[in-house]
Amino acid sequence: MPFVHSSTSVVGLALVVVFAFATAGVTADVVTASDGALALDAEAYSATRGAVVPVVVSLDGTSSARLTLVERTGAYVATATVVDADGDGQIRVAFDTFAAGRGDERQSYRAAAGDAVVDVTRLTSARTTPIPAGTYAVVATTADARADATLTLSPFAFGPTAVETAPRGVSPFPETPDEAETHHETDVVATGDWVVLRFDAPGLSGLVEADAVPVSNLVYADPSTPKARSTHTVRVPVVSDEPLRRLVVDYDGEDGDRPRNLTVGAAVTLVGVDRDGDGTVDVDLDESLVSVTTHSDGRYRFQFDGQYRLAPGDGLVVRYALVNPDTTGRDRVTVGVNDAPSTAGTVTYGLAGRGTLGNGATLDLVRTVDGETLPVSLATAEYGIDAEAGVLTVAFPAPSLVEGRGAAEYTATLSLTPDSPYAGDVGDDRAVASYVVVPRTASVDGVVDGTLSVESGRQPLAGTASVAPGSRIVVYAARYDEPGSFIQARLATVDADGSWTADFDFRDVDPGTRFELTVYDLERGGLTPSAELTVEPVDVVVRADDREP
């Protein structure tokens with residue numbers, strides 16, 4: 001029998017649920033999924049405010065069900081018709097506790113592939129804030145059956161943090177156990193390896209849209225409040241090798257809507273180039289800016305003197321102050337450099353654009369070198385949200401170090417802005433992750449007074465490396481002078497503790513022979529000068545020991 005929506009029956013069901021829930025407390029028996037009975041996949045769900053809660057409904061031979069959620073004090077009541085579109089007997093629905101209760105309720109119930117949500121009705125008034133912490137009844141019904149559970153929604157909270165590293169050749173977002181083994185928790189990361197920050201904060205799964213965080217927009221507005229004085233930061237990739245002559249930011253984008261309430265002129269506070277994508281400006285171009293022209297159609301034209309020559313891979317960064325338009329959500333924007341085709345993107349206003357991650361969530365990164373602290377943009381980082389595990393992952397390559405400085409300290413702070421809907425839940429609490437970036441180096445064990453003494457036979461050589469565990473290195477032993485020239489190269493893998501071992505055979509090398517040992521970084525090109533991990537080759541001498549037969 002097809003499921004027929006009836007607003008009267010929905011209201012009646014909601015009232016029955018509220019009454020039953022109030023008289024039965026917070027406990028609920030769940031019908032198991034055996035023998036084709038209607039069932040929910042849990043007796044009790046738990047989550048923090050802001051989280052996306054997965055719910056699985058196992059059907060009793062029907063193709064659809066009604067899923068109802070009721071907060072025990074009546075603060076929120078809604079019901080959704082869910083459909084098993086692929087006929088596998090189950091319906092998978094994600095309930096977004098951040099979106100719930102505040103507008104189009106259809107945004108709060110999302111079906112997985114193969115299923116569908118065809119109708120959502122909220123029976124309580126629209127809220128100005130997300131639904132409260134508390135206990136909710138979760139009820140699934142068909143024409144002949146019913147299954148009950150509870151959802152305990154706790155205040156938004158930050159959990160533990162972790163810093164991991166991995167070689168650049170692996171994914172920073174592992175999807176299998178084997179891929180996960182390539183990641184190792186640490187607080188020391190070598191330049192060029194992945195920095196992977198993990199924040200346990202389940203409530204972010206509803207707040208943060210990982211593939212469209214505001215700071216990664218073509219234009220980032222801070223603050224994003226409509227009609228507020230704001231700082232806009234443009235980051236545009238460079239694809240050509242030519243002098244920088246002009247940059248045009250078009251807030252019309254490609255949608256034909258003119259921006260509103262923009263200032264007549266833009267106060268430019270930063271112009272520069274990020275050469276390596278590490279989020280910091282490497283070349284200051286303030287002196288190269290000649291003029292700024294504003295147009296009534298929403299275009300800003302920045303004219304340069306042409307003295308700086310752009311290179312492919314550069315990131316051109318321009319920051320200026322203006323007044324946001326009176327709008328919310330994403331607006332189209334395009335940015336053109338010289339005569340190259342314009343880059344299209346977005347700028348986000350309102351709550352969705354608040355904080356670097358959106359909806360009041362913000363992640364700040366600072367670098368400290370020799371007591372000097374500088375902010376680092378995470379505009380080029382990669383973001384991922386695991387809604388089931390409640391973990392935000394942020395990944396980016398560890399940047400190069402300033403020449404002559406051995407290490408740099410980094411601190412990442414995840415927090416909520418004061419105007420976040422969940423600011424009252426966390427107060428001043430925040431999540432902090434710290435790590436140190438060091439050069440890519442390797443050392444050899446057993447070196448005394450600059451020389452390594454080895455046996456004239458088979459033996460392992462060992463050492464340590466600063467690069468990520470799992471990185472491949474080449475240990476290269478060579479003597480080029482005659483007589484007795486030879487070359488031996490061994491491939492080794494850096495272990496979890498940073499150690500490496502390589503087996504060599506020096507039986508054919510005469511005692512007293514001296515040669516050089518060099519460790520190369522296979523992840524960075526192998527046997528090339530730029531890939532040397534040893535600061536300088538190690539001087540090695542073969543001892544006059546008895547040889548193996």
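This note sets out numbered points on the predicted model shown above.

1. Basis of the points. The model is predicted, and local features need pLDDT of at least 70, side-chain atom pairs count only at pLDDT 80 or more, and totals for chains, interfaces and linings use all residues. Residues are numbered from 1 along each chain as its sequence is written, and side-chain values use heavy atoms, with hydrogens and water left out.

2. Overall content. The chain has four helices and 38 strands; helices (H or I, at least four residues) and strands (E, at least two) are DSSP runs numbered from the N terminus. Of its 549 residues, 49% count as buried, where buried means under 20% relative accessible area, exposed over 50% and partly exposed in between (1.4 Å probe, protein chains only). Among contacts between residues at least 6 apart in sequence, 70% join residues at least 24 apart, a contact being heavy atoms within 4.5 Å.

3. The largest pocket. Its volume is about 550 Å³. On a 1 Å grid over the protein atoms alone, a pocket is an open set of points with protein on both sides within 12 Å along at least five of seven lines, and lining residues have an atom within 4 Å of a point. Grid points are joined across faces, edges and corners, and the volume is the space filled by probe spheres set on the points. Domain 2 (160–211 + 356–438) and domain 3 (214–353) both give residues to the lining, so the largest pocket lies between them; the domain bounds come from an automatic or database domain assignment.

4. The lining. The largest pocket is lined by 25 residues, and Arg-235, Arg-319, Pro-375, Val-376 and Ser-377 lie nearest its centre. At least two lining residues come from each of β15 (219–222), β16, β25 (361–369) and β26 (372–376), and β25 gives the most, with six. By class, the lining has 12 nonpolar, eight polar and five charged residues. Here Ala, Val, Leu, Ile, Met, Phe, Trp, Tyr, Cys and Pro count as nonpolar, Asp, Glu, Lys and Arg as charged, and the others, Gly among them, as polar.

5. Thr-233. This residue lies in strand β16 (residues 229–237) and is buried, with a relative accessible area of 10%. Its side chain makes a polar contact (3.2 Å) with the side chain of Arg-319, one of the residues nearest the centre of the largest pocket. A polar contact is a pair of N or O atoms within 3.5 Å; within protein, one must be able to donate a hydrogen and the other to accept it, and residues adjacent in sequence count only if both atoms are side-chain atoms. Leaving aside neighbours within four places in sequence, Thr-233 is in contact with residues including Leu-218, Tyr-220 and Val-317.

6. Backbone features to inspect. The loop between β15 and β16 holds Pro-223, and the peptide bond from Asp-222 to Pro-223 is cis, with omega near 0 degrees. Lys-227 lies in the loop between β15 and β16 and has a positive phi, near 65 degrees. The bond from Glu-482 to Pro-483 is cis, with omega near -5 degrees; Pro-483 lies between β34 (472–479) and β35 (486–493). Asn-338, in the loop between β23 (329–337) and β24 (343–349), has a positive phi of about 55 degrees and is buried at 7% relative accessibility.

7. Gly-101. This glycine is found in the loop between β6 (90–96) and β7 (109–111) and is buried, with a relative accessible area of 0%. Not counting residues up to four places away in sequence, Gly-101 touches Tyr-76, Ser-108, Arg-122, Ser-125, Ala-126, Arg-127 and Ile-131.

How values were computed. 1 Å grid on protein atoms, 1.4 Å probe; cavity = no way out; pocket = protein on both sides within 12 Å on 5 of 7 lines; lining within 4 Å.
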